[in-house]
Amino acid sequence: MKRKLPNITSKIPPIAAMAVILLGWEVVSISGIVPSYMLPSPVAVLTALFGDLPTILFHAKFTLLESFYGLLIGIALAFVFATMMDRFRVMDQAFYPIMIITQTIPTIAIAPILVLWMGFGMAPKITLVVITTFFPITIGLLDGYKSVDPDAIRLMKAMGASRAQIFRHVKFPGALPQFFSGLKISASYAVVGAVVSEWLGGFNGLGVYMTRVKKAYSFDKMFAVIIFIVIISLLLLLAVNIVSRITMPWLQVEKEKNHE
Amino acid sequence: MKRKLPNITSKIPPIAAMAVILLGWEVVSISGIVPSYMLPSPVAVLTALFGDLPTILFHAKFTLLESFYGLLIGIALAFVFATMMDRFRVMDQAFYPIMIITQTIPTIAIAPILVLWMGFGMAPKITLVVITTFFPITIGLLDGYKSVDPDAIRLMKAMGASRAQIFRHVKFPGALPQFFSGLKISASYAVVGAVVSEWLGGFNGLGVYMTRVKKAYSFDKMFAVIIFIVIISLLLLLAVNIVSRITMPWLQVEKEKNHE
Amino acid sequence: EDGAQEKITFCLDWTPNTNHTGLYVAQAKGYYEEAGLDVEIVQPPENGAALMCAAGQAQFAIEAQDTMAASLALDEPLGITAVAGIIQHNTSGILSRKGDGIDKPAGLTGKTYSTWDSPIELAVLENVVNGDGGDFSQVTLIPNDITDEPAALAANQTDAIWVFQGWGGINADVEGVDCDYFAFSDINPVFDYYTPVIIANNDYLAENPDQAKAFMEATAKGYEFAAENPDEAAQILIDGDNTGSLKDAEELVKKSQEFLSTKYIDDAESWGVIDADRWNAFYKWLYENQLCDKDLTGVGFSNEYLPQ
Amino acid sequence: MSSEQNKVILRAEHISKTYGEKKVLEDISIHLEQGELVSLLGVSGSGKTTLFNVLSGIIPPDEGKVYLKDQDVTSTPGSISYMLQKDLLLPHKKMIDNVALPLVLKGMKKAEAREKANPLFAEFGLEGTQYQYPSQLSGGMRQRAALLRTYLSSSGVALLDEPFSALDTLTKASVHKWYLEVMQHIDLSTLFITHDIDEAILLSDRIYILNGTPGTIKDEIVIQERKPRAEDFALSEEFLEYKRQIISKL
Amino acid sequence: MSSEQNKVILRAEHISKTYGEKKVLEDISIHLEQGELVSLLGVSGSGKTTLFNVLSGIIPPDEGKVYLKDQDVTSTPGSISYMLQKDLLLPHKKMIDNVALPLVLKGMKKAEAREKANPLFAEFGLEGTQYQYPSQLSGGMRQRAALLRTYLSSSGVALLDEPFSALDTLTKASVHKWYLEVMQHIDLSTLFITHDIDEAILLSDRIYILNGTPGTIKDEIVIQERKPRAEDFALSEEFLEYKRQIISKL
Ligand SMILES: Nc1ncnc2c1ncn2[C@@H]1O[C@H](COP(=O)(O)OP(=O)(O)OP(=O)(O)O)[C@@H](O)[C@H]1O
Ligand SMILES: Nc1ncnc2c1ncn2[C@@H]1O[C@H](COP(=O)(O)OP(=O)(O)OP(=O)(O)O)[C@@H](O)[C@H]1O
Ligand SMILES: [Mg+2]
Ligand SMILES: [Mg+2]
């Protein structure tokens with residue numbers, strides 16, 4: 001019971017800050033300093049959000065599916081790459097610079113090319129999500145593998161463990177915390193990645209919907225979609241947090257200990 | 001002399017990997033499996049790059065200026081925010097969630113709005129670069145401040161140091177390594193951020209040039225610009241690396257020691 | 001009717017609007033289904049309908065004759081052919097606030113114009129402005145990121161915008177913004193080129209000529225229906241647009257449809273026919289003014305897939 | 001102690017090892033008898049850890065052989081248990097799985113391994129901690145758990161590399177006492193490395209002094225004092241005499 | 001030693017301190033004379049570090065006063081130098097700037113501070129390391145540099161919290177010897193915390209034993225052995241006698 005108290009008090013400042021921002025925004029829009037097509041009021045945005053919810057949800061389904069598949073494939077790819085790069089020094093040297101290069105290519109430029117190559121379906125969108133998400137996860141896993149105490153590996157060897165056993169019992173679980181740090185970054189970019197690729201070519205999805213409302217000058221709806229995207233990104237982050245807590249119960253124990 | 005040897009051998013794998021990729025790409029495009037407007041050959045792209053260099057350089061000037069100013073402002077902002085958030089717990093609690101939210105807003109959606117608010121000049125582009133770059137630097141600085149040994153601070157207090165002196169002599173230099181880690185991430189996004197915002201509205205800059213060559217179906221030129229962007233991003237990264245080495249000579253000393 | 005239908009992807013040039021009504025009518029009235037075709041109408045990636053068509057991701061798409069020139073003039077031209085003109089004449093022109101004096105091209109001198117920054121667009125403007133005794137070099141150019149032209153004019157975001165009379169012009173009436181307008185084709189007959197055209201993938205045409213003809217026949221029926229029943233056709237477009245972007249624009253769609261119903265066929269013998277003389281005249285003008293590297297006379301269009 | 005007391009259980013013969021151009025060990029021959037506790041004293045860098053790495057089989061010697069109960073185990077990891085300076089309990093495994101890990105590595109089912117490890121927790125003074133995580137235990141308890149794992153991983157011979165150096169002075173004293181009792185109880189033979197002369201005298205039957213570059217066995221000192229040692233052995237004149245003798249040789 | 005030997009330089013009177021609901025220190029009174037080295041022995045958690053934090057002025061006591069040369073310095077950091085367990089040399093500063101830091105903090109110009117610190121490097125056996133970074137020095141040298149910094153930061157009184165515990169056994173012995181010499185040479189008075197009974201007997205003029213919850217001064221032991229101590233003092237019967245006496249009191 002007692003332990004929950006600081007949790008509640010720690011939520012006051014962010015909520016207060018948000019409230020101040022929203023209030024300021026509302027005042028600016030109501031006062032008429034800024035015309036409404038430039039900055040719709042929060043109330044108008046919320047009205048648009050709830051009024052448009054069925055349409056938004058319809059489109060969100062596609063965006064979420066793309067983000068989800070993209071993230072899954074990104075994780076799988078990151079896992080394969082990081083593990084190979086950790087295992088073989090040559091792979092590491094060969095792929096690391098290429099991975100950095102992929103991150104400096106503007107996605108906005110390749111998204112239309114991907115659509116050209118892969119058509120109107122989900123494939124190009126998923127690919128773009130994979131490109132934006134696999135890098136932070138790979139880096140997280142690589143750092144995680146490297147953070148494993150070499151003495152722990154020496155100990156495992158002394159116990160007669162095979163390479164696979166060392167991976168299973170020491171390297172992989174040891175890399176989990178950094179893997180999840182990387183995944184959190186990726187998760188917060190996944191939805192945005194899907195939206196960007198939809199924006200640049202597609203038929204369904206929040207990105208497509210946004211281009212439409214933008215063309216119709218419905219900035220309230222546009223902001224409503226932005227807010228919706230922010231919310232699902234935060235929910236995705238929350239989900240990753242929950243999974244990480246379930247997957248790594250020992251960290252919870254350590255944290256509790258430090259709070260005592 | 002001897003120490004340079006591993007440096008050279010370590011460069012063989014990435015160069016080999018790049019060569020394999022370029023060769024495969026050239027073969028695919030020459031063989032005619034993929035039409036050139038879908039994938040121009042590397043030779044065509046290089047020809048376009050050198051042929052178009054004056055035009056590309058003209059536009060690059062704008063993009064680089066935007067990236068540079070954006071990065072500078074991003075650093076300044078990150079510095080102010082991180083320092084305030086480290087100093088006042090309430091600030092930390094209030095701003096951290098808001099900072100995460102800013103990172104889940106699709107830049108592609110706010111870029112046109114920024115143009116609407118700020119006009120067609122450099123301001124909206126610089127703003128977008130600031131938005132994309134300030135977050136990793138802030139996080140880096142915050143982590144850096146937190147990584148400072150509390151005993152070092154206690155020692156400084158015992159020596160009668162003021163809060164400003166503690167910041168100057170311990171906290172700030174102690175946070176530099178993480179600040180530069182964050183800056184490296186930001187630097188690799190800065191140019192891309194500027195390109196995205198140009199793409200969505202403007203007269204000059206690589207993003208504008210890309211939309212133009214794309215309309216003319218000059219995919220070789222389009223790829224040439226992409227490659228150019230990758231190269232300047234890598235150069236920017238290199239510059240940050242050099243600055244970080246000059247700023248933190250003691251890390252060089254430590255590294256050399258570990259290599260002995 | 002039992003899954004044996006041939007699948008066709010049709011890529012629009014923009015969000016659904018009254019240029020597309022015939023397609024939606026053919027879809028809704030079952031003309032495609034009768035022809036044994038399963039047509040899916042999709043939207044393009046940024047400015048990419050022609051590419052998507054050339055890449056075979058769509059069999060048919062919508063392009064405009066002016067932007068198509070660049071793709072035909074490449075060393076390795078895109079494999080696309082215009083198979084029908086959706087609207088017989090160029091109905092585009094310059095929209096401006098009433099009373100600003102931009103009711104004729106010379107009035108642009110000293111004013112601000114929102115441009116897409118395309119060489120052909122600027123050359124056309126230069127031609128009409130200077131031809132009218134104005135000075136194009138004194139026109140201030142700003143980037144065009146405008147989607148609601150009358151509103152932008154009313155808000156003084158710009159002084160003049162290139163619009164299609166059947167949409168932007170009508171929209172000015174609907175929104176109650178008093179505007180001036182002049183059309184390019186009235187000023188220089190060379191500019192009476194084809195604006196929206198239906199293009200098809202060349203490989204597809206070579207391999208499936210009969211299917212292509214069947215598709216075009218059904219499409220033609222759709223546009224003929226739209227020409228005769230503008231009100232019903234407008235409703236079909238609004239209902240058929242699963243993007244929902246037209247739901248709140250019923251008045252605009254209906255008025256636009258009424259305007260366009262007389263423009264689809266106009267003075268041609270039937271819908272879609274491309275007049276070779278007008279087509280070639282414009283491409284010749286492009287070539288002569290160095291807006292195009294190749295002489296495209298006779299290139300890029302065909303009337304042979306239209307119903308005879 | 002048992003009647004087998006004088007049976008040699010571990011024997012290293014003429015071990016040499018060179019890293020690059022640096023010779024680290026030269027012609028080392030040592031042995032360990034059943035039930036014995038022998039310590040290896042030497043300054044930093046004399047090659048003590050390297051010798052243990054060779055004995056445990058994780059690095060091959062350039063020359064020489066290692067025998068466990070007359071069987072050649074040179075370069076064969078997994079037959080002798082090895083405990084490093086740190087406890088190296090895996091933070092993500094519960095205590096019982098940490099301790100049972102050597103059994104699982106040898107192919108035993110997890111449930112079976114747990115069953116086998118479980119009763120030993122009481123023996124090592126760890127009853128009730130089976131389903132806790134390592135971070136929930138004190139330093140002394142973790143050290144004992146690492147020792148239990150070491151015990152489960154082999155044939156009764158343990159190599160301990162500075163096992164007690166991370167403990168504070170007072171905890172160390174109690175762990176020393178406990179370790180001697182356990183060793184006797186489970187019939188463990190131990191070879192251990194230390195920097196601490198007091199510790200070596202207090203615990204060992206014999207002390208090897210390893211020194212020089214390359215490291216060689218400089219001396220062997222037998223501590224005659226009967227075991228278990230008297231409470232005040234560390235404060236006795238005999239103890240001081242041994243200490244003087246060793247200091248003169250280092 | 002000087003004639004001022006018996007002058008009290010640091011005095012703490014009736015110090016009490018409570019954290020939340022936990023009383024950590026109760027009515028502690030201790031003193032330190034000019035040139036004296038006094039150690040504070042006590043089990044973990046008895047409040048030794050807390051007492052030092054109070055003496056150095058970085059936390060205020062609930063009750064009691066701290067006097068430096070009869071001047072009240074309670075809750076006034078900066079007047080007494082304090083060296084923590086770790087050397088805490090700042091990795092980003094060159095050795096000379098690390099050492100001169102206390103002078104800079106007091107407002108001296110960097111160049112002047114360097115000039116003042118420079119000659120002391122030789123005195124502390126650190127000649128030639130002025131423009132190196134801390135990472136380039138060995139543990140023993142770093143410890144001496146930290147001590148030099150401590151010396152420069154004050155009026156000749158140093159509080160050392162477990163200053164030698166991070167050093168290995170052999171390095172520790174040489175640092176002990178060196179420290180006693182330096183102390184005498186620069187007329188430093190030292191109060192230091194240790195866990196290690198041997199170390200306390202070897203170095204101290206007097207030993208305070210701090211124990212219990214809340215921590216109180218349980219005893220004060222005066223080591224009569226003349227200083228500098230004989231080479232083999234640690235191996236002598238007198239030494240053992242002191243050790244027995246302290247153990248019985250802990
Ligand atoms: N993998 C290695 N490659 C090269 N040299 C090594 C390697 N491992 C150890 N050495 C060197 O061999 C020597 C002996 O090292 P070792 O770790 O065995 O010493 P030690 O006696 O255990 O020292 P300490 O008491 O500090 O643990 C040292 O000089 C060390 O630098
Ligand atoms: N800031 C604090 N807030 C609350 N309790 C504290 C704080 N600092 C120390 N304590 C508590 O006060 C008691 C004494 O701590 P202190 O660090 O002074 O002990 P110590 O004798 O130095 O121990 P050690 O030998 O382990 O360093 C401990 O129980 C500790 O938990
Ligand atoms: Mg060692
Ligand atoms: Mg303490």
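## Basis of the description

Helices (H or I, at least four residues) and strands (E, at least two) are taken as DSSP runs and numbered from the N terminus. By this assignment, chain D contains eight helices and ten strands.

This is a predicted model, in which local features need pLDDT of at least 70 and side-chain atom pairs count only at pLDDT 80 or more, while totals for chains, interfaces and linings use all residues. Residues are numbered from 1 along each chain as its sequence is written, chains are lettered from A and ligands numbered from 1 in the order in which they are written, and side-chain values use heavy atoms, with hydrogens and water left out.

## Chain D

The radius of gyration of chain D is 18 Å, which agrees with the value near 18 Å for a compact globule of 250 residues; the radius is taken over C-alpha atoms, and the rule is 2.2 Å times the number of residues to the power 0.38. Along the principal axes, the C-alpha atoms of chain D fill a box of roughly 50 × 45 × 35 Å. Of the 250 residues in chain D, 54% are buried (under 20% relative accessible area, with exposed over 50% and partly exposed in between; 1.4 Å probe, protein chains only).

Among contacts (heavy atoms within 4.5 Å) with a separation of 6 or more in chain D, 66% join residues 24 or more positions apart.

## Chain A and its relation to chain B

Chain A has twelve helices and zero strands. Its C-alpha atoms fill a box of roughly 75 × 60 × 30 Å along the principal axes, and 52% of the 260 residues in chain A are buried. Residues 24 or more positions apart account for 71% of the contacts in chain A with a separation of 6 or more.

The same surface serves both copies, as 100% of the contact residues of chain A recur in chain B.

## Val197(C)

Val197(C) belongs to strand β10 of chain C, residues 196–201. With a relative accessibility of 0%, Val197(C) counts as buried.

Beyond neighbours within four places in sequence, the contacts of Val197(C) include Ala61(C), Ile62(C), Ala84(C) and Trp279(C). Thr81(C) lies 116 residues from Val197(C) in sequence and 9.6 Å away in space, C-alpha to C-alpha.
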